[in-house]
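I set down each look-up in turn.

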Amino acid sequence: MKLYRTAFAAIVTVSASCLTANAGATVSIVDSIMASGNIIIDQPEALARLLVYRGVPVMGENAEASESAHAHPAVRTGYRVQVFDDNNPRSARRNAEAAEQRIAAQFPHLRSYMTFNSPYWRVKVGDFRSRAEAEAVMAEIRQAFPSLAAYLRVVRDKINID
C-alpha cells in the first residue's frame, strides 16, 4: 500500500515492543517503524471514499469498484458561461439564486452551478468542450435576458462529462 493514500488522516499504530527494542537506548519512531516492518493503518471507509489523488479516487481495500464509478463524475477542462457574479453581502446570494432559477426556467437543458468563493457568489451554466459552443449559448442567453448582459462571460472551468 502506498503511503500517499493515507497521508491526510491515517492513524499509524506501532506495537509497543518496537519502541522498547533497546531498553536503555533512545530509538526514533522512524527507526522503530523501519525495523519492525509492521505498519498497521486504520482508516474509516468513509474517509477512503473522500480521498482523491491526482483526480483518481483512492479507495480502501473493502470498497466496491462500482462505488468509485458513481462517486466522482468524469471531469476535464472546458468552458462554462458565467451568468452572474456579485459580492454584495446583503443581496448577492438572493440575486444568484434568482438568476439561476431564471436561466433554468428558460434553458432547462443547461446544468447550472452556483458557487460561493468569498466574497463572490457566482452562477455558471453549461459544460462545453469548446469556447465556440459556450459563446453560442452565451449569445442565446444575452438575447433572452438582456439584463444579465453585464455579467455574461465565457470562463474556463472544470466541466462534467456525461
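This is a predicted model: local features need pLDDT of at least 70, side-chain atom pairs count only at pLDDT 80 or more; totals for chains, interfaces and linings use all residues.

Residues are numbered from 1 along each chain as its sequence is written, and side-chain values use heavy atoms, with hydrogens and water left out.

Entry on V123. I looked up its accessibility and found 0%, so V123 counts as buried. V123 belongs to strand β7 (residues 120-128); strands (E, at least two residues) and helices (H or I, at least four) are DSSP runs, numbered from the N terminus. Beyond neighbours within four places in sequence, V123 has contacts (heavy atoms within 4.5 Å) that include V81, F84 and Y113.

Entry on aromatic pairs. I found 2 aromatic pairs. Rings of Phe, Tyr and Trp (its six-membered ring) pair if their centres lie within 6.5 Å; planes under 30 degrees apart count as stacked, over 60 as edge-to-face, and the rest as tilted. F84 and Y151 have ring centres 5.0 Å apart and planes at 45°, so this pair is tilted. F84 lies in strand β5 (residues 74-86) and Y151 in the loop between α6 (131-144) and β8 (153-161), 67 residues apart. F84 is buried at 3%, whereas Y151 is partly exposed at 27%. F116 and W121 also form a tilted pair, because their planes stand at 40°, with centres 4.8 Å apart.

Methods: Buried means under 20% relative accessible area, exposed over 50%, partly exposed in between (1.4 Å probe, protein chains only).
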